[in-house]
Amino acid sequence: MLRRASAYRRSISAKGAYPLLTLGHLAQESESQWGYLRAVVERRVSEYLDIQRRKRDGSLRHLSAPKPSLMHIQRWILANVLPGLDLHPSAFAYRFGISVRDCAEQHIGARWLLKMDLHNFFGTIGESRVYRQLRTIGYPALLAFEMARICTRVVPPSINRDWLEGRGVEPYGFPYHGTLPQGAPTSGALANAVAFRLDERLTDIAERGSLVYTRYSDDLTFSSPSPFSRASVPRLIAEVEGAITLEGFAAHRRKTRLIPPGARKVVLGLMLTDNAVRLLPEFRDRLDNHIRCVAKYGPGSHATKRRFDSTLSMINHVDGCLSFALHVERDWARERMHRWAEALAAHGHPVYRDP
């Protein structure tokens, strides 16, 4: 038994994950209560808050924010368990030290762009697929199942629990199948791992056509730096959609876009040039307008006129935009940050910190 335990510890640790043994061990290491974890796994408690955010197209994005106790446990799992997952180099989202800019830079110099989208990306990843990923790290079946339950949420109506039958976890029986909640800290890494084989398939398709492929969450981008036949596009799209279907995902066909030579190339909200990525002109204009209006009318008046929830939410919004800009065009952003600090300070809000 000691030899097996030692071998298990070495195997898990070699993958960069923590060698957990049981749900009780997870409770101890994450400084949580075993009874609480058991209730989450049994689906006896619902530990999420539903949040809606409006998208740029006017539709609503539904997010699931874990309550503090579950958030703490999921963050522990993210930091100590999920580093053992295999991630494809074409996947750029939810990875420490990798940004939107890093993804967009892969397509610098593109003459053609094909942009596609995965429909309901997180919602199509069920607890059984999460379980299989945790098993690939080397965790015992029961513990992998329990952690899969901790990292997923049930939103009925959903899939029946047939996959559980005969696996020794009948006491955890529940009539619905959980899926990854968009908003949980563990969902991004797990989704990337589940999509590994999809990334492999799409990378193969891209390489056969001398294309560059990247995925940022549910956003798929293919680019060609050389001449590209428009007539071959329907075949390429069909091949990509086929790979998406084979891997258990769905293409959002209304979001498929082909950008030809001469048109503006935008990837993940950044504009591509022949040798760099730039902020969009409209993004610059909006940020300059916020700074100018706050300097002239004050934060409170500007927040009310622009229908922000509060003055603080407006300040946080502009701070976030400036932080994003700093990673794309540092000199331009630093100048705006100084102007923003001066505008706030003039009205009694000295919140600026030099980056």
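The largest cavity in this predicted model is lined by Trp112, Leu113, Leu114, Leu211, Phe222, Ser223, Ser224, Phe228, Leu236 and Leu258. How much space lies in the largest cavity? About 40 Å³. With a cut-off of 30 Å³ or more, the count comes to 1 cavity.

Now, the way to look for a space like this. Rolling a probe the size of a water molecule over the atoms shows where empty space is left.

Back to the lining. Which strands each supply at least two of the lining residues? They are strand S3, residues 112–117, and strand S5, residues 219–224. Sorted by class, the lining has 8 nonpolar residues and 2 polar ones, with no charged residues. Leu211 and Leu258 are among the residues of that lining.

Next, the helices. Helix H3 covers residues 34–41, and its buried residues are Leu37, Ala39, Val40 and Val41. Buried here means under 20% relative accessible area. What do those buried residues of H3 pack against? There are three helices to name: H2 at 23–29, H4 at 68–80 and H7 at 141–150. Just after H3 comes Arg43, which takes a positive phi of about 65°.

That leaves H7, one of the helices that the buried residues of H3 pack against. H7 is mostly covered, with 8 of its 10 residues buried. Which ones are they? The buried residues of H7 are Leu143, Ala144, Phe145, Glu146, Met147, Ala148, Arg149 and Ile150. Note that Glu146 and Arg149 are on that buried list, and that Glu and Arg count as charged. In the lining of the largest cavity, by contrast, there are no charged residues.

Key
Residues are numbered from 1 along each chain as its sequence is written. This is a predicted model: local features need pLDDT of at least 70, side-chain atom pairs count only at pLDDT 80 or more; totals for chains, interfaces and linings use all residues. Side-chain values use heavy atoms; hydrogens and water are left out. On a 1 Å grid over the protein atoms alone, a cavity is a set of points where a 1.4 Å probe fits but cannot get out, and a pocket is an open set with protein on both sides within 12 Å along at least five of seven lines; lining residues have an atom within 4 Å of a point. Grid points are joined across faces, edges and corners, and a volume is the space filled by probe spheres set on the points. Helices (H or I, at least four residues) and strands (E, at least two) are DSSP runs, numbered from the N terminus. Buried means under 20% relative accessible area, exposed over 50%, partly exposed in between (1.4 Å probe, protein chains only). Contact means heavy atoms within 4.5 Å.
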